[in-house]
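Open your viewer and get ready to click along with this tour.

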2 protein chains.
Amino acid sequence: MMSNSTILNKSEGIPLYIQIRRTLREEINGQMLVPGQKLPSEDELAARFGVSRMTVRQGIADLIDEGLLYRRHGVGTFVALPHLERDHTRLTSFLESARQEGLEVAVHVLAAEVLPAKRKVALELKLEEGELVIRVKTLRFISGVPVTVHDAYIPYRQFPQLLQDDLQNRHLWDIYESYGFRVKRAVQRLEAREADEECAALLEVEEGFPILYKERTVYLDNGTPVEFTYCYNRGDRYRLTVVLNR
Amino acid sequence: MMSNSTILNKSEGIPLYIQIRRTLREEINGQMLVPGQKLPSEDELAARFGVSRMTVRQGIADLIDEGLLYRRHGVGTFVALPHLERDHTRLTSFLESARQEGLEVAVHVLAAEVLPAKRKVALELKLEEGELVIRVKTLRFISGVPVTVHDAYIPYRQFPQLLQDDLQNRHLWDIYESYGFRVKRAVQRLEAREADEECAALLEVEEGFPILYKERTVYLDNGTPVEFTYCYNRGDRYRLTVVLNR
DNA sequence: TTCGATGAGATGTGTAGACGTCTACATACT
DNA sequence: AGTATGTAGACGTCTACACATCTCATCGAA
């Protein structure tokens, strides 16, 4: 059962609804609340946490659209059946997700340069053709096997110092955040293709080998594009999982 | 500018926050509010709509995580720059999206049968191996070109009448809804592969041609799986777009 | 001129309560 | 037995208010 002694920290900076959300999430992950089980009613939770019912609802709301809980009007709030792949809609980087699965990951920088944007890159980044962009091209290995060629373009004007950063060990999105920009959304376009000569050589496969080709545009929360990337993944070593909602 | 005479229908069944959401969405789509523009403050909107501020916030919230608006703490709420591909995270079927783009779409049913579930299908649908499932295999054409082979498995117990439905013209998800089940979430796994013999023949390409291979599991809102599909897409005619958030 | 404090205005968080609607179940009536 | 009809409990919507926090422009002092 749920601990009755759950006490929120009302004085410090963390909003109560976030503490509630975290508490519930932990109780689900920790099996104190199991799939299918009905949560205490909102009134009851409000009393237990010592907050108002609206605050409880606010805490529950995020877990609902994360898919961890679901409501039945007039009946109650329940723990959803587990999805192993629940979180994959969220933006996570290649490095994060591979490392989370305990895989050995390595990144080699193939190119890091400033150059004028070509037509397609300029279009995606909403720049004029010829405006300067930073190009960061990398080859990524999992367990020693080359899996992905990454060719990223970033507006130079926005990150003039970017090439001074540790591109080998830090993820680009971390670097953006360190400049105060928060990545909010990414659009990915996926196709199946054959490996061309360069790609085949880098990924250590034959020409014509199946490649999962991906173009990605990354946006900030106000809709400004900050990165456009071409991405070539070895078909036999790379599987992309996507969760769609509603 | 925003119309001052916006009047909500307080007596009828539609919640105020939904009416507010709809009003704002229309004003954005109709260019009365343009990208980058600041909305009136929440207090102002509350006064204008004749509701409390919390209700305005509730109406705005959905538009925020749809990406149509964004907030800057202490500054205001703004219309986000347009994304052409804004809605692609939402679950839309192949038929819907192709038709929306004005393409000619056709579906041929290759197989419709009841059979015992194999291991992988049973696993994905959370059934015992050997339990009955319905198999619906289709070939889909866009503008007369075969683009996708779809091989879907549905628990027989849940939809015993399914094969009586018009599989050629109705989408499976519509059929589920007509039985009172609402599709809530889908997990897709994507790889690049080569076409095997059967697939090549159906899609009218050579063996070895690049194929975007997709496995998909579809869930209801309580987490019950209702459909597992193998999906083979011609690499040169099929491009999948995915939007990831946060 | 520059720097810092101040304050207005905006969003962020939280409360207490009211009333509506839906579901499930029990009870009473036919 | 079967069908209505309550009714309790749970979520759904909404209000009016209070205070916290953030941002930015402005004004004054160094």
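**Before you start**

This is a predicted model, in which local features need pLDDT of at least 70, side-chain atom pairs count only at pLDDT 80 or more, and totals for chains, interfaces and linings use all residues. Residues are numbered from 1 along each chain as its sequence is written, chains are lettered from A and ligands numbered from 1 in the order in which they are written, and side-chain values use heavy atoms, with hydrogens and water left out.

**Stop 1: DNA strand D**

Of the atoms of DNA strand D that come within 4 Å of the protein, 70% belong to sugar and phosphate.

Now colour this surface by residue class. Ala, Val, Leu, Ile, Met, Phe, Trp, Tyr, Cys and Pro count as nonpolar, Asp, Glu, Lys and Arg as charged, and the others, Gly among them, as polar. Near DNA strand D you will find eight nonpolar, ten polar and eight charged residues.

- Leu16(B): a polar backbone atom is 2.3 Å from a phosphate oxygen of DNA strand D.
- Tyr17(B): a polar side-chain atom lies 2.8 Å from a phosphate oxygen of DNA strand D.
- Thr77(A): an N or O atom in the side chain is 3.1 Å from a phosphate oxygen of DNA strand D.

**Stop 2: DNA strand C**

Switch to DNA strand C, which is surrounded by 26 residues, the closest being Leu16(A), Thr55(A), Arg72(A), Arg57(B) and Arg71(B). Here sugar and phosphate make up 68% of the DNA strand C atoms that come within 4 Å of the protein. At least two residues of this surface come from each of α1 and α3 of chain A and α3, β1 and β2 of chain B.

Zoom in on the side chain of Arg72(A), where an N or O atom is 2.6 Å from a phosphate oxygen of DNA strand C. For Arg71(B), the distance from a side-chain N or O atom to a phosphate oxygen of DNA strand C is 2.8 Å. His73(A) reaches a base oxygen of DNA strand C, with a side-chain N or O atom 3.2 Å away.

**Stop 3: helix α3 of chain B**

Select α3(B), a helix of 14 residues. From first C-alpha to last it reaches 20 Å, close to the 20 Å expected at 1.5 Å a residue (the expected span is 1.5 Å times one less than the number of residues). Look along the helix for a kink of about 25°, centred on Ile60(B); the bend at a residue is the angle between axes fitted to the seven residues ending there and the seven starting there.

Which residues of α3(B) are buried? They are Thr55(B), Val56(B), Gly59(B), Ile60(B), Leu63(B), Ile64(B) and Glu66(B). Buried means under 20% relative accessible area, exposed over 50% and partly exposed in between (1.4 Å probe, protein chains only). An α-helix has 3.6 residues a turn, so residues three or four places apart point the same way.

The buried residues of α3(B) pack against β6 (183-194) of chain A and against α1, α2 (42-49), β1 (69-72) and β2 (76-79) of chain B. Just after the helix, Gly67(B) takes a positive phi of about 90°.

**Stop 4: Arg216(B)**

Go to strand β7 (residues 210-220) of chain B and pick Arg216(B). Is Arg216(B) buried or exposed? Arg216(B) is buried, because its relative accessible area is 9%. Its side chain joins that of Glu227(B) through a polar contact of 3.1 Å. Leaving out residues up to four places away in sequence, Arg216(B) touches several others, including His150(B), Trp173(B) and Phe228(B) (contact means heavy atoms within 4.5 Å).

**Stop 5: two loops**

Most residues other than glycine have a negative phi. Select Ser143(A), which has a positive phi of about 50° although it is not a glycine. Ser143(A) lies in the loop between β4 (132-142) and β5 (145-155) of chain A, and it counts as partly exposed at 44% relative accessibility.

Finish with Gln31(B), in the loop between α1 and α2 of chain B. Its phi is positive too, near 70°, and Gln31(B) is exposed, with a relative accessible area of 55%.

Note on methods: A residue is near a molecule or strand if one of its heavy atoms lies within 4 Å of it. A polar contact is a pair of N or O atoms within 3.5 Å; within protein, one must be able to donate a hydrogen and the other to accept it, and residues adjacent in sequence count only if both atoms are side-chain atoms. Helices (H or I, at least four residues) and strands (E, at least two) are DSSP runs, numbered from the N terminus.
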